[in-house]
Amino acid sequence: MATTSAAAPPLGPEKTYRDKLAAGRFEIQRCAACAKHVFYPRVLCPHCGADRLEWVRPSGRGTVYSSTVVRRRPADGGDYSVVLIDLEEGVRMMSRVAGIAPQAVAIGLRVQARIAGEGEAALVEFVPA
Amino acid sequence: MRSSLRGSVAVAGVGLACCGEAPGWSETEIMAAAAKNALADAGLTTRDVDGVVVASTNIFMSGLAFAEQLGMRPRFTDSTMVGGSSFVGHLIPAALALQAGLADAVLVAYGSNQRTGVGRGETAKYKAALDPQPFEHPYKPFNPPSSYALAAARHMHQYATTREQLAEVAVAARKWAQLNPEAFAREPLVVQDVLAARMVSDPLTVRDCCLVTDGGGAYVLVRAERAKDLPKPPVYLLGAASAHWHRQISSMPDLTVTAASESGARAFEMAGLRPADVDVLELYDAFTINTILFLEDLGFCAKGEGGPFVSGGRIAPGGTLPVNTNGGGLSCVHPGMYGIFLVVEAVRQLRGEAGARQVAGPEVALAHGNGGVLSSQITALFGTGAAL
């Protein structure tokens, strides 16, 4: 993706990620130089600075690192979950846990990724594993 | 190598303005009103100022707007914007400019009408459009509280910190505020009140969150030798350092360890001081978890022990460690960004001007700024002539 010419590559990493998600594929980056995984998608590896980031499919397995319940009036849709998930590959992402009450989402809960929504609205959420 | 910045500059004047509610005041006008008070305190006028350092969440090119409002033509301007910590951070470029002879008197100022002006919901909408955070916004964290809630939840999980211990921070701040006639929230508050308050983003209730007020503050920085000739006793800058490791909470490596562990260590090294030397602390308490994290990361207690450390009134009036003596962002004032108020209160304490809340004979004060969501961490150490 990164090129030595001044011409811009076709798409930036964020748009590339979103396009993949819209097509039903959850992919993250992995640095071919230092072998570490990277999220969110970057131009350069945030660990070693190399420009050899490649797209890979994570297992989707993760653990709740922290969890909060955002309180909202029932009339506005009620309370909802916001979490930080540590993926098996060693990266962290913000998400939500679906399928159980937000108050029941505990730190340490094992979860599995799935794609919710379609097209531009597609995003990764998690359900208990 | 010992930095040549240590003791080279001093705060000559501080001032506040429009704290609480200031309907009918624009943000630039509040900045100017605070500047007026700081200059009067320093025995100076706008004609004596040739450097300005300001930041704003809303005003585009705030340095230009501020200088224009006061009719100044500064030869040094900086508008570094790293969130609420900015005004502690501004000590660094201001001191460098003074030391290099690029300016002879630098005015640092902040003002906001966040409470009575354009609503936060409205500005949040515009900011989300101009500065999208595509890896967080789709999940609708109610920020900033949700980000701090995630840090608090993790600290509770990892170190058995309790909601009661978080509440102790809010109660101590309120007790200080009750001694400060300028504080916004002064009605009695006990631990049970904090726990029973409306939950915002678990585990933080509205009483774990800072105030939303209007207000402004300013300070004047000059070279140390000039400060001696001005009316107020100089308050010397002994150390200052900045660190940041992330912007968004989802990129913070460990939610229980902030970059204050780095900024604090470097500031203490510059000052040649240790935590035990500090007589009074002003910590950026946007949320109750902040005070606990910063006491740990700045070395006042071990990691994980912040909860027990703040209990039993240790940081409240009459306790052994005076923290947030003006009442803090939790009970005194918090107009969007709080950093300037940390410096103002540290200076007032070191001068012995703090009235009923005055700490007995302090010689060293620490001001610690926080910006973003536990993101930018900036530590400053100040001292009286005795500490120089």
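Strands here are DSSP runs of E with at least two residues, helices are runs of H or I with at least four, and both are numbered from the N terminus. Two strands count as paired if DSSP finds at least two bridges between them.

This is a predicted model, so local features need pLDDT of at least 70 and side-chain atom pairs count only at pLDDT 80 or more, while totals for chains, interfaces and linings use all residues. Residues are numbered from 1 along each chain as its sequence is written, and chains are lettered from A and ligands numbered from 1 in the order in which they are written.

- Strand S1 (residues 28-31) of chain A lines up with S3(A) in the antiparallel sense, over four bridges.
- Which residue of S3(A) does Ile28(A) stand opposite? That would be Val56(A).
- In general, strands of a sheet pair through backbone hydrogen bonds, either parallel or antiparallel.

**Chain A as a whole**
- Chain A has one helix and eight strands, and along the sequence they read α-β-β-β-β-β-β-β-β.
- Its C-alpha trace spans about 55 × 30 × 20 Å along the principal axes of chain A.

**Nonpolar cores**
- A nonpolar core is a set of buried Ala, Val, Leu, Ile, Met, Phe, Trp, Tyr and Cys residues joined through C-beta atoms within 7 Å.
- The largest one has 152 residues, and Phe382(B) and Tyr219(B) are among those with the most contacts inside it.
- Apart from that core lies another, of five residues, including Ile28(A), Cys31(A), Val38(A) and Leu53(A).

**Where A meets B**
- The contact takes 18 residues from chain A and 20 residues from chain B; residues are in contact if their C-beta atoms, placed from the backbone, lie within 7 Å.
- On the chain B side, helix H6 (145-159) and strand S5 (199-201) are the elements that give two or more residues.
- H6(B) gives the most to that side, with six residues.

Definitions and conventions. Buried ≥ 20, exposed ≤ 12 C-beta atoms within 10 Å, placed from the backbone. Contact = placed C-beta atoms within 7 Å.
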